[in-house]
Amino acid sequence: MTDTNHLPDQDQEQPLISHLLELRQRLMRVLLIVLLIFLGLFYFANDLYSYLSAPLTALLPEGTSMIATDVTSPFFAPFKLTLVASIFLAMPVILHQIWGFIAPGLYQNEKRLAVPLLVSSVFLFYAGIAFAYYVVFPLIFGFFTSVGPENVDVMTDISSYLNFVLKLFFAFGIVFEIPIATLLLIWTGASTPDSLAQKRAYVVVGCFVLGMLLTPPDIISQSLLAVPMWLLFELGILMGRILVRKDKDEDDDEFDDEFEDAMREEETNNRD
């Protein structure tokens, strides 16, 4: 006689196994894409590093250059940069795989909003990196190279420079996601635009605290991170107000349609 007591457990385990298999497949796709991009970029690793170091090397005194204090730095610094660049370039594919994994569990209205949020997240992440490279780096490097003693030559180690730059890239890339995070708080009902606006003073202080923690210990870097954080927070509140107003208008239209349908049905019943 077949034991049927274990059938429910098997039915519950099967979806979990299928989800784990799907997750593994998507992770393998992500790793494959990153590897392919890495292999395509590795030949240009030194050129990538030269481009990355251009904001600093353009400000170095004449006759000075960057240095390598470790024997392996000339190889591993460009190697690390190429790997990180591959991950950054693969970000749309990574987010697409994440979306493909979670989309079946979302409602239709959630899917309608999730796609623009994912696209906006990618754009804002790249915008944060571009802001750091083209706006922040020339300012802070110009400051650092001009305040040193006259008898000290500025010759930065290539590994130290890379770690410094990647830290700022990551910080500004995450910070530029603030509008998305603010919008999600409003969309999920965790907060409201008015409630967030009332906490503006605390947010400004928090922005400068995070700027102090995420950037080098100088007021220029901290301000260049804190001020955009605050402005992006205000942008998120503005987007949240538009979203709330749009949802309210849709609910009102739906209520009007239901009311009109009810009135027509009542009139039809009265004629009968």
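User: Which residues do ring pairs link into a cluster?

Analyst: Tyr 49, Tyr 51, Tyr 133, Tyr 134, Phe 137, Phe 141, Tyr 161, Phe 164 and Phe 169. Rings of Phe, Tyr and Trp (its six-membered ring) pair if their centres lie within 6.5 Å. Keep in mind this is a predicted model, where local features need pLDDT of at least 70, side-chain atom pairs count only at pLDDT 80 or more, and totals for chains, interfaces and linings use all residues. Numbering starts from 1 along each chain as its sequence is written, and side-chain values use heavy atoms, leaving out hydrogens and water.

User: What makes Phe 76 and Phe 79 an edge-to-face pair?

Analyst: Their centres are 6.4 Å apart, with 80° between the planes. Planes under 30 degrees apart count as stacked, over 60 as edge-to-face and the rest as tilted, so 80° lands in edge-to-face.

User: Why is Phe 79 called partly exposed?

Analyst: Its relative accessible area is 29%. Buried means under 20%, exposed over 50%, and partly exposed in between (1.4 Å probe, protein chains only), so Phe 79 sits in the middle class. Phe 76, at 46%, is also partly exposed.
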